[in-house]
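Here's a quick briefing for anyone meeting this structure for the first time. Have a look at it, then read on.

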Amino acid sequence: MKCWVTTGAGKVISLPTVVKWTFNYGAGTPCDSYEVTCLWDMGQELELADACRFYAEHEGERVFTGVVDEYACV
């Protein structure tokens, strides 16, 4: 699976290998949400600061598009 985010200025940032996906569906807050966990090298956190969209492709086909509300590097 190939994953990346884009910034408001149109910069594309490829993400490293995803190790965990979490999807939440329902009527809570937020009503629908997703979380993606990947291994990220220290010092690259600022690259994600302007991320606004997330995309995932599998075998050349887009399988998910989402809005980036927040991110955390831990």
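Which element gives the largest share of the lining of the largest pocket? That's strand 4, with 7 residues. Keep in mind that this is a predicted model.

**The largest pocket**
- There's about 900 Å³ of space in the largest pocket.
- Strand 4 (32–38) and strand 5 are the elements that each give two or more residues to its lining.
- In total, 26 residues line the pocket, and Glu35, Val36, Glu70, Tyr71 and Ala72 are the ones nearest its centre.
- Sorted by class, the lining has 17 nonpolar, 3 polar and 6 charged residues.

**The largest nonpolar core**
- This core is made up of 11 residues: Cys3, Val5, Ile13, Leu15, Val18, Leu48, Ala51, Phe54, Ala56, Phe64 and Val68.
- At least two of its residues come from strand 1 (2–7), and at least two from strand 5 (51–58).
- Strand 5 gives the most, with 3 residues.
- Leaving aside residues up to four places away in sequence, Val5 touches Lys11, Val12, Ile13, Leu15, Leu48, Ala51, Arg53, Phe54 and Val68.

**A look at Ala51**
- You'll find Ala51 in strand 5.
- Ala51 counts as buried because its relative accessible area is 12%, and the cut-off is under 20%.
- Again leaving aside residues up to four places away in sequence, Ala51 touches Val5, Thr6, Thr7 and Val68.
- Ala51 and Glu70 sit 19 residues apart in sequence, and their C-alpha atoms are 8.5 Å apart in space.

Terms used:
Residues are numbered from 1 along each chain as its sequence is written. This is a predicted model: local features need pLDDT of at least 70, side-chain atom pairs count only at pLDDT 80 or more; totals for chains, interfaces and linings use all residues. Side-chain values use heavy atoms; hydrogens and water are left out. A nonpolar core is a set of buried Ala, Val, Leu, Ile, Met, Phe, Trp, Tyr and Cys residues joined through side-chain atoms within 4.5 Å. Buried means under 20% relative accessible area, exposed over 50%, partly exposed in between (1.4 Å probe, protein chains only). Helices (H or I, at least four residues) and strands (E, at least two) are DSSP runs, numbered from the N terminus. Contact means heavy atoms within 4.5 Å. On a 1 Å grid over the protein atoms alone, a cavity is a set of points where a 1.4 Å probe fits but cannot get out, and a pocket is an open set with protein on both sides within 12 Å along at least five of seven lines; lining residues have an atom within 4 Å of a point. Grid points are joined across faces, edges and corners, and a volume is the space filled by probe spheres set on the points. Ala, Val, Leu, Ile, Met, Phe, Trp, Tyr, Cys and Pro count as nonpolar, Asp, Glu, Lys and Arg as charged, and the others, Gly among them, as polar.
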